[in-house]
Amino acid sequence: MTDTGTTAITENERAADLSNRVRAVHRQYPTGVTVVTAGVDGKPYGLAVNAFSSISLDPPLVLVCVNESSNSYGPVFASDYIGINILAADQVGVAGTFAKSGGDKFAELDWELSRLGVPVLAGVAGHFELEVKYKIPAYSHTIFVGQVVEAASADKAPLVYQAGKFFDGARLEPVQ
Ligand SMILES: Cc1cc2nc3c(=O)[nH]c(=O)nc-3n(C[C@H](O)[C@H](O)[C@H](O)COP(=O)(O)O)c2cc1C
């Protein structure tokens with residue numbers, strides 16, 4: 001084997017090692033689970049997203065990151081308004097539905113189109129409707145920055161996701 005070959009393998013191994021450590025760090029970070037929705041000609045689209053964050057309260061800005069390879073990406077990108085549905089602890093099945101591609105994800109669910117044409121899921125812990133302000137390309141993903149134009153929450157515990165597992169947000173122990 002040539003020196004070049006040896007170096008290439010070492011670099012590949014180093015890259016794989018970093019990738020594993022990156023994944024391990026992400027697994028240490030609990031998140032909620034959202035379903036990002038968009039309506040095009042009255043038809044609903046959506047996918048499960050945990051890359052959601054508040055940016056600021058004044059103005060009320062939030063962001064979500066969506067993979068360009070997802071089927072929902074086109075409808076989300078094409079929409080002036082999108083929805084962020086914060087799933088409740090009893091909606092792990094809904095999370096599973098929206099984490100898969102294909103099929104009519106909305107067929108078995110209660111949902112409605114809002115005044116702005118955004119699909120809103122029933123039974124969620126909360127939801128935002130956003131006016132999309134910026135679409136920032138980031139390699140495989142696009143960061144959608146939106147200004148909140150509607151917000152509603154329910155007295156329901158959120159679904160929590162960490163290290164590939166779902167948890168009941170009502171049963172988290174406060175740290176003393
Ligand atoms: C807990 C969880 C979080 C996810 N977070 C994201 C995310 O932040 N962005 C993203 O693009 N996909 C995310 N996904 C993956 C998409 O939900 C998944 O690729 C889905 O199949 C896309 O559906 P679609 O192709 O019908 O749009 C997540 C999946 C799960 C289970």
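**Strands, core and ligand shell**

Reader: What stands out in the hairpin of β9 and β10?

Author: Y139 takes a positive phi near 50 degrees there, and the hairpin has 2 residues between its strands. The model is a predicted one: local features need pLDDT of at least 70, side-chain atom pairs count only at pLDDT 80 or more, and totals for chains, interfaces and linings use all residues. Numbering starts from 1 along each chain, following its sequence as written.

Reader: What makes β9 and β10 paired strands?

Author: Two strands pair if DSSP finds at least two bridges between them. Between β9 and strand β10 (residues 141-153) there are 12 bridges, and the two run antiparallel. That meets the rule.

Reader: Why are β1 and β12 called edges?

Author: Start with their sheet. It is open, has 3 strands in the order β1-β11-β12, and its pairing is antiparallel. β1 (31-32) and β12 (165-168) each have a single partner strand, so one side of each lacks a neighbour in the sheet. β1 meets β11 over 2 bridges, in the antiparallel sense. G32 has V160 in β11 as its bridge partner.

Reader: How many helices and strands are counted, and what qualifies as one?

Author: The protein chain has 3 helices and 12 strands. Helices (H or I, at least four residues) and strands (E, at least two) are DSSP runs, numbered from the N terminus.

Reader: Is V22 called buried or exposed, and why?

Author: V22 lies in helix α1 (residues 3-27). A residue is buried if 20 or more other C-beta atoms, placed from the backbone, lie within 10 Å of its own; 12 or fewer means exposed, and partly exposed falls in between. V22 has 10 C-beta neighbours inside 10 Å, so V22 counts as exposed. Across the chain of 176 residues, 26% are buried.

Reader: What makes up the largest nonpolar core?

Author: It holds 28 residues, and V35, V36, I82 and L87 touch the most other members. Elements supplying at least two residues each include β2 (34-40), β6 (81-86), α3 (92-98) and β9 (126-138). β3 gives the most, with 4 residues. The term covers buried Ala, Val, Leu, Ile, Met, Phe, Trp, Tyr and Cys joined through C-beta atoms within 7 Å. In soluble globular proteins, nonpolar side chains tend to be buried together.

Reader: Which residues does V36 touch?

Author: Leaving out residues up to four places away in sequence, V36 touches G46, L47, V49, V64, V66, V76, I82, G83 and I84. Contact means C-beta atoms, placed from the backbone, within 7 Å.

Reader: What surrounds the ligand?

Author: The shell has 17 residues, and the closest are A51, N67, S70, S72 and S101. β3 (43-49) and β5 (60-67) are the elements that give two or more residues to it. A residue is near if its C-beta atom, placed from the backbone, lies within 6 Å. By class, the shell divides into 10 nonpolar, 6 polar and 1 charged.

Reader: Where do the domains fall, and what sets their bounds?

Author: Domain 1 is 1-31 and domain 2 is 33-163. The bounds come from an automatic or database domain assignment. Taken over C-alpha atoms, their centres are 32 Å apart.

Key:
Nonpolar A, V, L, I, M, F, W, Y, C, P; charged D, E, K, R; others polar. Contact = placed C-beta atoms within 7 Å.
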